[in-house]
Amino acid sequence: MATFGDFPPEQGGNERRSSTDDISWERNVLRDLAFAAIKEQRAKRRWGYVFKGFILLYLVAFLILSFKPAGLKSVTEIHTALVDINGVIAADAEANADAMVTGIREAFESETAKGLILRLNTPGGSPVQAGIINDEIQRLQKERPDFPVYAVVQDVCASGGYYIAVAADEIYADKASIVGSIGVRMDSFGFTEAIDKLGVERRSLTAGEHKAFLDPFLPMKPADIEHAHEMLDNIHQQFINVVKEGRGERLKDNDDIFSGLFWSGEQALELGLIDGLANSSKVARDIIGAEDIIDYTPRPSYLDLFAGKLGATIGNVMSSKATWSLQ
């Protein structure tokens, strides 16, 4: 009976301890919630500062890019127009026909431009893109024959670059410039032995006898090689005709000129590939007679590029924030 009489006090003691634990747990939860709310508020303030900083940076960049320096010459003044042809000439490159033709047309349409300099620094590229630019220059020259066009070579003007240059009235270069490479090439790879060693079975279904022409996974056929050479020779002859038409009797009688070789500016002058040694400033000042040069080259809007990069940066930041919140 005494044992039974001890139960009430023990039970009461457990209830008191349980109540104390509940209060402690609730306090911990409330404390954690309070700290979490404080952290979230701090994070929101930080992100607010970040976005305000981005907006401020954007506005500053906008003002800088939109500001026109006082020393910049106006197109209303007598000047020499300039179009830069840099890098590989290709439809998806900066030196594409659409962009270059746009700049060249604007130069021809300017009433205050006394002449145009095509400043070339290109290893060549697409014969189609180069041909479009050459044809347009010739068309514009017929419409405005009193508007001189000069090509000025920087480091290199080879292949498709020279295809464009010969449309100019005269070509100038530095004595160490690389000029020439009047030829055509087609590049590919062959994987027939590799595919055999790897045990790979080639499966290619075609309709048309020559649809798999120059397939890198199949042995080359003599007929395919002959056809490719005929096509390249045809394009090469087009190139030769354009050069002869553009340079005329200034070209020396030398078969190497059309062999694909290239020369220094000094050697190119002896061969008649160029007319003299000069840079664009000298041509503008001493030949065209308008020392001030205005760039007509169509270029990407730096403001648009900045806005795009800013948008990408904000997107990356937001993505990172979302990732953090999921961790």
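Three aromatic pairs were counted in this predicted model. One of them is formed by phenylalanine 108 and phenylalanine 147, whose ring centres lie 4.7 Å apart with 50 degrees between the planes, a tilted arrangement. This pair links distant parts of the chain, the two residues being 39 residues apart. Phenylalanine 108 belongs to helix α3 (residues 97-109), while phenylalanine 147 is in the loop between α4 (127-143) and β3. Both phenylalanine 108 and phenylalanine 147 are buried.

Another of the pairs consists of tyrosine 163 and phenylalanine 239. The ring centres are 5.1 Å apart and the planes are at 45 degrees, so this pair is tilted; an angle under 30 degrees would count as stacked and one over 60 as edge-to-face. Distant parts of the chain are again linked, with tyrosine 163 in helix α5 and phenylalanine 239 in helix α7 (residues 222-247), 76 residues apart. Tyrosine 163 and phenylalanine 239 are both buried.

Two serines have a positive phi. For serine 159 the angle is near 50 degrees, a positive value in a residue other than glycine. Serine 159 lies in the loop between β3 (149-158) and α5 (160-165). Its relative accessibility is 16%, so serine 159 counts as buried, the cut-off being under 20%. Serine 181 likewise is not a glycine and has a positive phi, of about 60 degrees. Serine 181 is placed in the loop between β5 and α6. With a relative accessible area of 19%, serine 181 is also buried.

In one, Lys39, Arg42, Arg45 and Arg46 gather to give a patch of positive charge. Arginine 45, one of these residues, is located in helix α2 (residues 7-66). Arginine 45 has a relative accessible area of 44% and is therefore partly exposed, as this class falls between the limits of 20% for buried and 50% for exposed.

The other patch is nonpolar, has an area of about 320 Å² and is made by Phe189, Phe191 and Phe217. Phenylalanine 189 is in the loop between β5 (178-180) and α6 (192-197), and serine 181 is placed in the loop between these elements as well. The relative accessibility of phenylalanine 189 is 66%, so this residue counts as exposed.

Conventions: Residues numbered from 1 in each chain as written. Predicted model: local features only at pLDDT ≥ 70, side-chain atom pairs only at ≥ 80, totals over all residues. Heavy atoms only, no water. Patch = residues over 30% accessible without salt bridge, like charges linked within 9 Å, V, L, I, M, F, W, Y side chains within 5 Å. Areas by Shrake-Rupley, 256 points an atom, 1.4 Å probe, with all protein chains shown as cover. Salt bridge = Lys/Arg side-chain N within 4 Å of Asp/Glu carboxyl O. Lys, Arg positive; Asp, Glu negative; His and termini not counted. Charge placed at Lys NZ, Arg CZ, Asp CG, Glu CD. Helix = DSSP H or I, 4+ residues; strand = E, 2+ residues; numbered from the N terminus. Buried < 20%, exposed > 50% of the residue type's maximum accessible area, 1.4 Å probe, protein only. Phe/Tyr/Trp six-rings, centres within 6.5 Å; stacked < 30°, edge-to-face > 60°.
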